[in-house]
Amino acid sequence: MLVEVVQTQTRDVLDVSGLVRRYGELTAVDGVSFHIRSGETYGLLGPNGAGKTTIISMVAGLIPAHGGTVRVAGRAMTPSKTEAKRIIGLVPQELAIYPDLTARENLKFFGRLQGLRGRELTRRTNEVLELIGLNDRAGDLTKKYSGGMKRRLNIGIGLLHRPTLLILDEPTVGVDPQSRNAILESVERLSVEGMAVLYTTHYMEEAERLCDRIAIIDEGRVQAEGTRDELITLTGGVDRINLRGGGSMSRAAEALRGLPAVQHVDNDGAGLILTVSDGPTALAGIVTGAGHAGMSVTSVEIVRPDLESVFLHLTGKALRD
Amino acid sequence: MPGLWTMVAKDLRQRIRDKSVFIFSLIVPLALMGVLSLVFGGLGEDTVDLQPATVVASADDADQLGAALLGAVDSLEIMDVTIKRVPAADVRHETQASGADLGIIIPEGFSNAVLSGQAASVQLVEGDNASLESGVLISVVQGVVDQFAAGTVTAAAGGLSGLPRQDLAALARHAAAGPSLLTLTEGQAAAEQLSLRGTLVAGQAGLFLMFTVGFGVLGLLAEREQGTLARLRSMPVTGAAVITAKACTGFILGVVATTVLLTAGSQLFGVSFGSPLVVAALILSVVTAATSLTFVVARLVRTAEQANVAQSILAVVLGIAGGAFFPVQGTGFAATLLDLNPIGAFNRGLGISAGGGNVGDVTGPVAVMLAFAAAGLLLARILPDRGAQA
Ligand SMILES: Nc1ncnc2c1ncn2[C@@H]1O[C@H](COP(=O)(O)OP(=O)(O)OP(=O)(O)O)[C@@H](O)[C@H]1O
Ligand SMILES: [Mg+2]
């Protein structure tokens, strides 16, 4: 009893420890641990088949784990634990709505199962319909919806009861850019309101934009974890600057090598390629230095390392094939 | 169970919105009842007017029980019977020559033999053209003789060897008091056997029940395919509540559809199934059995598509074996198998009910259906869930 009380006081909304799940010979999830604090958006970034959905299925109590534990706000989560399920909201990767019910009926049904009743249920249903922009179509059967509208409803159902932890499994797959942006914006808004979010994706742009911390998942394991910047330092943290133009490029190369920020300068004939520790800060000095040395610069490009490069660096594979 | 009724209400709403439940559970079976009753035509008449009949009989008028037996035959209310007395030796010949429906040879000293508990057999000679009338007459004679025998046995059980004289008169009077006897014989004739039209209505109702309850538990497979099962599992409801909700949905649909079918069927085709209370007990039992079977199906199949096929096969097999289209009889092991079929038991129960049986009289069929339900649930627990591995 005492242990329970202590644990509900921790700041972690989600605590995943040593999670394992096997499918026959395959170990789909192999000792995954991470934790999410309240108000934090945490990303699981990994390619197809990395094990993201399997992790989420155990976190949401859909399937039992073969090892390890999941605690949601201090409460143990397993498939039979309805207490822990009260405070999570799941948005499954596959659509999970009834095609022969209207959006409002879908929301009310799941809201009732989540324990909402009466006026509270009606109020939350209307709020969510507003949020996902389906107010006008709330009375239509969802089988008549476009793909994007179905996706939005799929997300809305997960938000209905204001979960402490919202779990989104690749919510933007198969969505047009406009709807995608709307979805990302609403996740940002929820995070601002203090909801903890577990977000899986194989789009690094989404992970970079939304997530406070990111775990890079591959072959069922956490390959690296941290903020975007922390992850990027794993690659050595160097930026690349491409200078294009003409004039005396070898003299310019010589001069730039003397600058403290510059690590390496390469002259490929059409221009100079530099590796620098902090591209944006060093850029002005580099462009003026090249000009003084007699190079006429026509274009400048900074290539910063991204999560894609991190993934490549860690696994030797591209995030997307 | 939290969430149970929320889920049942949602399922019922979906089923009502999706018209197929009306089509498969009500319209198709009613249409089939109509078509089949046309095919079987006049055979399906429920009441038959019995023709006047002639009986050739030998009896010693001084023999009280013999006279009582003939008196019972003579005083039948359901048909006119003319009795022609001839000496015992001539009964056989006369019956055939005159084209009578039945010949009755009552042995000499019949009363004394019965009273002293000795074997005494009444011989019957069936007419050349065995008619419905002769059948009825045979069962009447059988009924009277049975009652004599019962009296003898009672007396023997009382420690007496034979009956005292004064009881003989009472027995004879009792036997001759026709009406009570007749209800007895009629009741026996109707027991376990519905009229053709009754069989048709009950059989179709039983057959389509298998489809109707399928809309419940098999909806679970639809949830799996729609992805909503995963979402339900993330909600604070137990897996048991999810399954129970499906079973409740199937059960409610089954009870409603069967009740409507039997009511509409009995109105449209002029059949009566007897006491509503007994019929209700039978409906609840057969729907329980059918619902339990859907759990087994849900375990064995992977997709809703496969489930529909399996459910149709089961419905047709159990329906036909249960006599949905025509009476089916078997011997030995086959007969036992047929007896265990819940739809067959349902039809038998309705036959008993139609024949005036009360709740106590249908415990046999009810027990068969409930045992079937229990076996189904047990089997569903033991079987691995193939669909979950998909
Ligand atoms: N029910 C299952 N039975 C067998 N293997 C499974 C099952 N579910 C997942 N797997 C396997 O586990 C591994 C991880 O799958 P998972 O769905 O978790 O990946 P994911 O990271 O979510 O991929 P995606 O980005 O494509 O959704 C895969 O190799 C997959 O084939
Ligand atoms: Mg996935």
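Reply: Buried means under 20% relative accessible area, exposed over 50%, and partly exposed in between (1.4 Å probe, protein chains only). Gln14(B) counts as buried because its relative accessibility is 4%. This is a predicted model, where local features need pLDDT of at least 70, side-chain atom pairs count only at pLDDT 80 or more, and totals for chains, interfaces and linings use all residues. Residues are numbered from 1 along each chain as its sequence is written, chains are lettered from A and ligands numbered from 1 in the order in which they are written, and side-chain values use heavy atoms, with hydrogens and water left out.

Me: Which residues does Gln14(B) touch?
Reply: Contact means heavy atoms within 4.5 Å. Leaving out residues up to four places away in sequence, Gln14(B) touches Tyr98(A), Asp100(A) and Leu101(A). A polar contact is a pair of N or O atoms within 3.5 Å; within protein, one must be able to donate a hydrogen and the other to accept it, and residues adjacent in sequence count only if both atoms are side-chain atoms. The side chains of Gln14(B) and Asp100(A) make one at 2.9 Å. Helices (H or I, at least four residues) and strands (E, at least two) are DSSP runs, numbered from the N terminus. Gln14(B) lies in helix 1 (residues 4-17) of chain B.

Me: How do I read the size of the interface?
Reply: Interface size is often given as the accessible area lost when the parts come together. Buried area here is that loss (1.4 Å probe), summed over both parts. Chain A and chain B bury about 2200 Å² between them, with 63% of it on carbon and sulfur atoms. Chain A gives 27 residues to the contact and chain B gives 21 residues.

Me: How many salt bridges cross between chain A and chain B?
Reply: A salt bridge is a side-chain nitrogen of Lys or Arg within 4 Å of a carboxyl oxygen of Asp or Glu. The rule finds 2 across the interface. One of them joins Glu105(A) and Arg13(B) at 3.0 Å, N to O. There are also 10 residue pairs in polar contact across the interface. On the side of chain A that touches chain B, helix 4 of chain A gives the largest share, 5 residues.

Me: What about salt bridges inside chain A?
Reply: Arg123(A) and Glu120(A) form one at 2.8 Å, N to O. They are separated by about one helical turn, because they sit 3 residues apart in helix 5 (residues 118-131) of chain A. Arg162(A) and Glu127(A) meet at 3.6 Å, N to O. This pair links distant parts of the chain, 35 residues apart. Arg162(A) is partly exposed at 49% relative accessibility, and Glu127(A) is partly exposed at 30%. Arg137(A) and Asp140(A) make another salt bridge, at 2.6 Å, N to O. Shared partners join Glu120(A), Arg123(A), Arg124(A), Glu127(A) and Arg162(A) into one network.

Me: Where should I be careful?
Reply: pLDDT is the predictor's confidence in each residue, from 0 to 100. Where pLDDT is low, the predicted coordinates should not be read in detail. Chain A averages 88, and chain B averages 78. The model scores ipTM 0.81 and pTM 0.72.

How values were computed:
Buried area = accessible area lost by both parts, 1.4 Å probe.
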